[in-house]
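Work through the exercises below with the sequence and the 3D structure at hand, and try each task before reading its solution.

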Amino acid sequence: MMAAILDAFLSQELDALRQKHLFRNLRILEGRQLPEARFDGHSVINLSSNNYLGLSTHQRLIDAAKQAAEAFGVGSGAVRTIAGTMQIHMELEEAIARFKHVEASVVFQSGFAANAGTVSSILGKGDLIISDELNHASIIDGCRLSRAEIRVFPHKDVNRLEEILKETAEFAGKKLLITDGVFSMDGDIAPLPELVELGERYGAILMVDDAHASGVLGSSGRGTVDHFNLHGRVDIQVGTLSKAIGSLGGYVCGNRKLIDFLYHRARPFLFSTSHPPAVAASCLAAFQVLQEEPVWIERLWENTRFFKAELEKLGFNTGQSETPITPIVVGQGDLAMRFSDELFAEGVFAQGIGFPTVPEARSRVRTIVTATHTHEHLKRALAVLGRVGRRLGII
Ligand SMILES: *Cc1c(COP(=O)(O)O)cnc(C)c1O
């Protein structure tokens, strides 16, 4: 039986969510994560996955996973630092380091764990973190866990950032400047060249979280550092294996010393079991596909350009997006949720997003195109978006 105090707390919180129309049932995917997929019994054009290149169902990845499961079993049986480091884990870290043109990399169980574990092990009490206001929740949690002082600068505002760096020039501890490479709700790109310069000028460590840039931006999807040609000038690069790479996990790239330190101090690495071999094998296959099958990234960007241009022709406000993530900003949260619900009923799945994830007045539905959408998929989605958008007075 549940403790009365817990029961009362949960009821109160859930009732509040229901009253604000924020209570949501999880949508259930039936079958594969495809550009046209079945959720909750409806066949819809899927504009809500991060499976940018369609790799989660790529046959080479599936075959690699199957073979690894047969050869090595389904679980690793231990944390990396005790008995859970398999040959295939090391091969994956080496492949990532080569791909990113860095000395070394370490793989975590997720991108979330990579961010939270890295920030909280490198920074501590007496240190300072300077963070973009739209950074991902895993960065924010890592900052809090570190117990360092936190200063937040307005989104991409490098002038305000420089003021903060000037104000804290005499700060005695380490300083970390941290940003998403591509911002997950708006699809815009961090001003990395300016951040690199400011970091170098004011002696701050620079860390970039490329979750939405991995497999998307830069040559063969090497990320924002490659996109801006800043190799060697970003101290810590984070990436995810859960989005464009199609599987699961996160990684940190840098020099050998950084990775050796994280092997000894990053708590998710030390205290949580390593990936099943099938996960590591599928990720290894994904990095081969990235380099041998450029067609996926080409199609992703073709679809991105086409879809964005058509949304703008329809008259939607698509914000500042520069990547396959395109928000359709509608204003109030309840309108965004209604827009999303009516789109779904007419066969298009685009997630509604409101406060607290974005400011109330910038509530939106977020669309993400992938390499595997056909033009026909996108045209059908655009027809529905136009029809429902006009009906709700959004355009
Ligand atoms: C998705 C995301 C993460 C988390 O990655 P997972 O591998 O899904 O845990 C971290 N940072 C950003 C910016 C993200 O969008």
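**Exercise 1: helices α12 and α14**

Describe how helix α12 crosses helix α14.

*Solution.* The crossing of α12 and α14 is right-handed, a term used when the near helix is turned clockwise from the far one by less than a right angle. This is a predicted model, in which local features need pLDDT of at least 70 and side-chain atom pairs count only at pLDDT 80 or more, whereas totals for chains, interfaces and linings use all residues. Residues are numbered from 1 along each chain as its sequence is written, and side-chain values use heavy atoms, with hydrogens and water left out.

Next, take the geometry: α12 (residues 295–314) and α14 (residues 375–391) pack at about 20°, with axes 11 Å apart, the axes being lines fitted to C-alpha atoms over the stretch in contact, and angles running from 0 to 180 degrees between N-to-C directions. The helices themselves are DSSP runs (H or I, at least four residues), numbered from the N terminus. Because of this angle, α12 is roughly parallel to α14, a label for angles under 35 degrees.

Finally, find the contact (heavy atoms within 4.5 Å): residues of α12 including Phe306 and Leu311 meet residues of α14 including Leu378 and Leu382.

**Exercise 2: the ligand**

Which residues are closest to the ligand?

*Solution.* Of the 15 residues that surround the ligand, the closest are Gly111, Asp209, Thr240, Ser242 and Lys243, where a residue counts if one of its heavy atoms lies within 4 Å. Then inspect the side chains: a polar side-chain atom of Thr240 lies 2.7 Å from a ligand oxygen atom, and one of Ser242 lies 2.5 Å from an oxygen atom of the ligand.

Methods. A polar contact is a pair of N or O atoms within 3.5 Å; within protein, one must be able to donate a hydrogen and the other to accept it, and residues adjacent in sequence count only if both atoms are side-chain atoms. Helices (H or I, at least four residues) and strands (E, at least two) are DSSP runs, numbered from the N terminus. Angles under 35 degrees count as roughly parallel, over 145 as roughly antiparallel, 65 to 115 as roughly perpendicular and the rest as oblique.
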